[in-house]
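Hello,

Here is the structure I promised to pass on.

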Amino acid sequence: MRIIIVDDEMLARGVVREYLSEHADVEIVAECANGFEAVKAITELSPDLVFLDIQMPKLDGFEVAELAGSKTRYIFATAFDQYAIKAFDFHALDYLLKPFSQQRFDQALAHARANLGAGGDAVEQLVREAASRNKPVGRVLIRDGARVHVINAEKIEHIEAQDDYVQIRSEGKSYLKNQRMSELEEQLDGEQFLRIHRSYIVNIAFVDRIEQATKDSHVAVLKDGSRIPISRSGYQKIRAVIQ
């Protein structure tokens, strides 16, 4: 079994490494001290199992799981997040409450070993629920191969739906994220972002003016000159906040 250890504390990684030394059938393929390293390692190495700390700077465990995907099996570790533990129990996902014993560690490892290849849907559900607890999101995470882009929500100019993806425009650049528009809309601040069309969300801070495009249609002109179509229902919403 190929394993990656992710924890920002060196001593915590050492504990996991020591406990794993009791198991002859495992191979530690990487150790990561932060979420960015973890996403890169998981993406490139495709381990069977990741021991993943939740409370980490820059990217937390939930964000790593979101970016790295659900093909890998995770055992989460936490020092005090009781709410997360209840979520893990509900979805029958493995977790370790720090400090944990060798016996508790072995139980989690045995459970993961018996369920390798399963649980992907549960991981995705957990990630969605974690995101919903933190609404509105202050940043959007986008994986580009092994790289991770972190975009501050306030700097997003507009978002366009493209099938199962969304294209996010920020600071003159465009990013593709594998997420449905409706899901991202729910996560963003509804007072700052308006869905003015079935395929478009705009940040009202970047709207310069509204223009009439035809007799029965309007467009939002953004500060960079972009012209975003407005539906009839979207027109009523945007007129209520932009005069």
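Asp163 counts as exposed, because its relative accessibility is 77%; exposed means over 50% relative accessible area, buried under 20% and partly exposed in between, with a 1.4 Å probe and protein chains only. Its phi is near 60°, a positive value in a residue other than glycine. You will find Asp163 in the loop between β8 (156-162) and β9 (165-170). Strands here are DSSP runs of E with at least two residues, helices are runs of H or I with at least four, and both are numbered from the N terminus.

Glu171 is not a glycine either, and has a positive phi of about 50°. Glu171 sits in the loop between β9 and β10 (173-177) and is exposed, with a relative accessible area of 56%.

Please keep in mind that this is a predicted model: local features need pLDDT of at least 70, side-chain atom pairs count only at pLDDT 80 or more, and totals for chains, interfaces and linings use all residues. Residues are numbered from 1 along each chain as its sequence is written, and side-chain values use heavy atoms, leaving out hydrogens and water.

The chain has 8 helices and 15 strands, and 45% of its 243 residues count as buried. A strand to look at is β3 (49-53): 5 of its 5 residues are buried, so β3 is largely enclosed by the rest of the structure. Leu49, Phe51 and Asp53 point one way from β3, while Val50 and Leu52 point the other way. β3 runs parallel to β1, joined by 4 bridges, and parallel to β4, joined by 5 bridges; two strands pair if DSSP finds at least two bridges between them. Ile4 stands opposite Val50, and the bridge partner of Leu52 is Phe76 in β4.

α1 gives the most, with 4 residues. Of the 17 lining residues, the closest to the pocket centre include Asp7, Lys98 and Phe100. A pocket is an open set of points on a 1 Å grid over the protein atoms alone, where a 1.4 Å probe fits, with protein on both sides within 12 Å along at least five of seven lines; lining residues have an atom within 4 Å of a point.

Best wishes
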